[in-house]
Amino acid sequence: MILVLGGTAEARELAVLLQHDGVEFLSSLAGRVARPRLPVGEVRIGGFGGVTGLVEFLTEQRIAAVVDATHPFAAGMSANAIAACGQAGVPLLRLERVGWAGAPHAEDWHWVEGHDEAAALTARVGARPFLTIGRQQLGAFTGPLAFAEVTARVVDEPDVEIPPTWRILLNRGPYTLEGERELLTRWGCDVLVTKDSGGDWTWPKMEAATELGLPIVVVKRKPEPVGVEVVSDPGAAAAWVRQAR
Ligand SMILES: NC(=O)c1ccc[n+]([C@@H]2O[C@H](COP(=O)([O-])OP(=O)(O)OC[C@H]3O[C@@H](n4cnc5c(N)ncnc54)[C@H](OP(=O)(O)O)[C@@H]3O)[C@@H](O)[C@H]2O)c1
């Protein structure tokens with residue numbers, strides 16, 4: 001049995017490839033969003049209970065190999081996977097989409113180390129920010145941007161208190177260039193804030209902001225883990241699974 005740690009488009013693409021290959025696999029989701037997009041095949045939902053819980057799971061379920069295809073900013077799960085697979089002696093592959101550092105105009109963006117720095121900088125460069133950093137990180141922005149006219153886009157209702165000047169948009173995409181252009185113009189946004197999520201899925205907002213000449217604040221990724229093989233393409237991950245099982 002192969003375990004795919006998911007919650008991303010890449011994990012869903014990998015599930016399709018593994019099913020096509022006739023591989024026995026199980027996809028795991030954290031259970032953060034109310035109505036998750038489900039991959040094909042068998043799915044389990046919920047945390048494992050830290051490294052100890054994951055080691056137990058790997059052993060009990062006789063997991064032959066793990067593909068960590070979680071989001072580039074799901075750092076806790078990735079660290080747990082490295083520790084647990086090391087302890088259980090299970091091969092681990094990291095499937096992670098390429099970031100935007102090499103994308104057109106990336107050198108013009110404001111790259112910051114974390115969400116607190118992003119919030120402080122955003123408060124200085126804009127009065128009407130468009131926040132696309134996810135629901136879980138909103139708390140870092142509510143203080144510094146308490147009086148800004150923020151438009152924040154999230155998948156599920158926020159669980160922190162939202163300032164009265166903020167507008168919350170519930171949406172999960174997919175997004176088009178035309179739609180993003182229209183949104184930024186309609187709400188008069190003057191700065192875009194995002195994580196370096198990478199990939200094509202959320203790229204149209206970057207194009208639209210660039211076209212409109214808006215500053216873009218980008219939260220950097222953590223450095224890649226050492227000692228773990230990393231691929232960026234679901235096809236390469238499927239090939240790794242074929243030789244690992
Ligand atoms: N962070 C983002 O920006 C983002 C964006 C899009 C999608 N996602 C997806 O949402 C999920 C949660 O992200 P996060 O940033 O909250 O993660 P995180 O901070 O790295 O993980 C926190 C805890 O959630 C549980 N968990 C996370 N991913 C899991 C998975 N695939 N299967 C089972 N348990 C999981 C684990 O709990 P235990 O310690 O109890 O095992 C983990 O220790 C991830 O699967 C990720 O791929 C995240």
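# A chat about helices, salt bridges and a ligand

Me: Where does T122 sit?
Reply: T122 lies in helix α4, which covers residues 115-125, and please keep in mind from the start that this is a predicted model.

Me: Is T122 buried or exposed, and why?
Reply: T122 counts as buried because its relative accessibility is 0%, and the cut-off for being buried is under 20%.

Me: What does T122 touch?
Reply: Leaving out residues up to four places away in sequence, T122 touches P129, L145, V191, V193 and V217.

Me: Which other residues of α4 are buried?
Reply: Along with T122, the buried residues of α4 are H115, A118, A119 and L121. What covers the buried residues of this helix includes the strands β6, β7 (129-132), β10 (191-195) and β11, together with α5 (139-142).

Me: And what about α7, which residues are buried there?
Reply: In helix α7, which spans residues 204-211, the buried residues are P204, K205, M206, A208 and A209. These buried residues pack against β7, β8 (151-154), α6, β10 and β11. After α7 comes G213, whose phi is positive, near 75 degrees.

Me: Switching to the ligand, which residues come nearest?
Reply: There are 23 residues around the ligand, and of these S28, R32, F48, M77 and K195 come nearest.

Me: How much of the ligand does the protein cover?
Reply: On its own the ligand has 800 Å² of accessible area, and the protein covers 78% of that.

Me: Which elements give two or more residues to the shell around it?
Reply: Those elements are β2 (25-29) and α3 (75-88), and α3 gives the most, with four residues.

Me: How do the residues of that shell divide by type?
Reply: The shell around the ligand divides into seven nonpolar residues, 13 polar ones and three charged ones.

Me: Okay, salt bridges now. How many are there?
Reply: The count comes to 13 salt bridges.

Me: What does R94 pair with?
Reply: R94 forms a salt bridge with D68, and the closest N and O atoms of the two are 3.1 Å apart. The pair links distant parts of the chain, since R94 is in strand β5 (residues 92-95) and D68 is in strand β4 (residues 65-68), 26 residues apart.

Me: Are those two buried or exposed?
Reply: R94 is buried, with a relative accessible area of 4%, and D68 is buried as well, with a relative accessible area of 2%. Both of them also belong to a network of salt bridges that links D68, R94, E96, D196 and R221.

Me: Which residue does E113 meet in a salt bridge?
Reply: The side chain of E113 meets that of K220, at 2.8 Å from N to O. This pair also links distant parts of the chain, with E113 in the loop between β6 (110-112) and α4, and K220 in the loop between β11 (216-219) and β12 (229-231), 107 residues apart. K220 counts as partly exposed, at 30% relative accessibility.

Me: What about R186 and E182, how far apart are they in the helix?
Reply: R186 and E182 are four residues apart in helix α6 (residues 177-186), so they are separated by about one helical turn. Their side chains meet in a salt bridge, at 3.2 Å from N to O. In general, an α-helix has 3.6 residues a turn, so residues three or four places apart point the same way.

Me: And how exposed are R186 and E182?
Reply: R186 is exposed, with a relative accessible area of 52%, whereas E182 is partly exposed, with a relative accessible area of 41%.

Me: Last one: where is V4, and what does it touch?
Reply: V4 is found in strand β1, residues 2-5, and counts as buried at 0% relative accessibility. Not counting residues up to four places away in sequence, V4 touches A11, L14, L18, L26, S27, S28, V67 and A69.

Note on methods: Residues are numbered from 1 along each chain as its sequence is written. This is a predicted model: local features need pLDDT of at least 70, side-chain atom pairs count only at pLDDT 80 or more; totals for chains, interfaces and linings use all residues. Side-chain values use heavy atoms; hydrogens and water are left out. Buried means under 20% relative accessible area, exposed over 50%, partly exposed in between (1.4 Å probe, protein chains only). Contact means heavy atoms within 4.5 Å. A residue is near a molecule or strand if one of its heavy atoms lies within 4 Å of it. Accessible areas come from the Shrake-Rupley method with a 1.4 Å probe; for residues, only the protein chains shown count as cover. Ala, Val, Leu, Ile, Met, Phe, Trp, Tyr, Cys and Pro count as nonpolar, Asp, Glu, Lys and Arg as charged, and the others, Gly among them, as polar. A salt bridge is a side-chain nitrogen of Lys or Arg within 4 Å of a carboxyl oxygen of Asp or Glu.
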